[in-house]
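Have the coordinates open and follow along.

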Amino acid sequence: MFGTSGIRGRVGKEVTAAVALDVGRAVGTEADRVIVGRDARRSGETLRDALVAGLRETGADVVDVGRAATPTVARAIGDRSADAGVVVTASHNPAPDNGLKLWTPSGQAYPPARQDVIERRIREEAFDLGDWEEQGGYERRNDATDRHRDALVAAGERAAETGTTELDDSGGLPADDPLADLSVVVDVGNGMGGVTADALHELGADVETLNATPDGRFPARPSEPTAGNCETLVATVEAIDADLGVAHDGDADRMMAVTDEGAFVPGDLLLAVFGRAAAEEGDRVAAPVDTSLAAADALAAVGAELVYTRVGDVYVAERAADAGVAFGGEPSGAWIFPEETLCPDGPLAAVRLATLAASTPLSERVAAMDRYPIRRRSVETEHKTAAMELIEERVTDEFDEVSTLDGVRVDADDGWFLLRASGTEPLVRITAEAREADAADRLLDRASGIVDRALADAAGR
């Protein structure tokens, strides 16, 4: 049921009220008090109602925080002394989709072991349903977003006091209105990330918003904050000469950025910026196996280390919880600051980035990072599982530096390549990167040959 970030799919097919009901029953069997929230999608109310019914049937008390960002809901679990939280959202997926994300009191997504328990209960219908006297209670609370905003302001004030990297020469920002000299454009994307604009305003920034009205149809742009979907943000930053632009997806667990020069920042470079600001000598930063060499090199320059995880924010969060890990991130836009929360918190990332940009322009920070040629290819197949078995066997025999943490990654003298089955599509994805373009091309050709031969052999079985 669970992909790399919760349960997700097309409403009426993969995601139905029956699914939400069963998830509620399974979570409620494990928990006494559960926080519930949803994004702006039109199907969210129906799924929320079914989820709440399932939770209350097992005797779990429900605290409904209404429409809110995913990190807002995740933070509310600890604030309200609850045992779990569930957000009805499909995150950055298109409007016809919806889903459910499950969270622990630490703000961390349910790890694989807890996901397995939920799946088993649903599969076996192992629910503890109560009788008429044992139904759970229900209350509605409308202050979760205000609490999140206050926490963001406090985090911004703390970050502004320090001046966090060797690029900073300001010695910190003013304690009062630390972002008073910063202009920011926030593209909410018709999602739930309006708390970002509120927090930045409270910190003194001059804030302009785009697409700030929540609308689960996402009429202004597709929900995912990619470079192609953020062209209006780029144009606005340039037009008003803003210092920073930030963009969220539908549930605001993601955040991407535009520099003061009007350039969209690739996710790997933004990860390098955040990691270098957060990490000191001896620290580690957690990121998935497909992360660019640029991040590893940026951290090595300050004596820190990049440690790899499986693809998916749940796995990054697991590693970010370890001692000595100062930051975790995915180039897709999920950023985790473990001293604050283990939930990818797009608004928190926006506030932290704003404090960095206030001391040293984001364009200068990005320019300080190396960029390397990266090559990608996807091969469609109905035999991805069998092919990946062959790929792992053959690559392990042929190469010395091989990781099978998530797919098959080979580290060579001049770069690396990764062969990985898509978690949601009938594809094998190939990624190759090197410090020189010719080397990246060679690695991609070599990796493609391995995949093509394995697919042909798997199809002929």
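Start with a contact between two helices. On the α3 side, P71, T72, R75, A76 and D79 take part; they meet A144, T145, R147, H148, A151 and L152 of α5. Sorted by class, this contact holds five nonpolar, three polar and three charged residues. The model is a predicted one. Helix α3 covers residues 70–79 and helix α5 covers residues 144–162. Their axes come within 9 Å and cross at roughly 90°. Angles of 65 to 115 degrees count as roughly perpendicular, so α3 is roughly perpendicular to α5.

Now turn to the strands. Strand β18 spans residues 415–421. Six of its seven residues are buried, so the rest of the structure largely encloses β18. Which way do β17 and β18 run relative to each other, parallel or antiparallel? They run antiparallel, joined by five bridges. Strand β17 is made of residues 408–412. Its V408 stands opposite L419 in β18. Two residues lie between β17 and β18, and the two strands form a hairpin.

Strand β18 also pairs with β19, residues 427–434. Here seven bridges join the strands, again in an antiparallel arrangement. One of the residue pairs is G415 with its bridge partner A434 in β19. In a regular strand, side chains alternate between the two faces of the sheet.

Next come two backbone details. Most residues other than glycine have a negative phi. S91 has a positive phi, near 55°, and is not a glycine. It sits in the loop between β4 (84–88) and β5 (97–103). Is S91 buried or exposed? Its relative accessible area is 1%. Buried means under 20%, so S91 is buried.

A252 also has a positive phi, about 65°, although it is not a glycine. This residue belongs to the loop between β9 (244–248) and β10 (255–258). A252 counts as buried because its relative accessibility is 0%.

Finish at A459. This residue is placed in helix α14, which covers residues 437–459. How far apart in space are A459 and H383, C-alpha to C-alpha? The distance is 6.5 Å, although A459 and H383 are 76 residues apart in sequence.

Notes
Residues numbered from 1 in each chain as written. Predicted model: local features only at pLDDT ≥ 70, side-chain atom pairs only at ≥ 80, totals over all residues. Heavy atoms only, no water. Helix = DSSP H or I, 4+ residues; strand = E, 2+ residues; numbered from the N terminus. Buried < 20%, exposed > 50% of the residue type's maximum accessible area, 1.4 Å probe, protein only. Axes fitted to C-alpha atoms, helices over the stretch in contact; angles between N-to-C directions. Parallel < 35°, antiparallel > 145°, perpendicular 65-115°, else oblique. Contact = heavy atoms within 4.5 Å. Nonpolar A, V, L, I, M, F, W, Y, C, P; charged D, E, K, R; others polar. Pairing = 2+ DSSP bridges.
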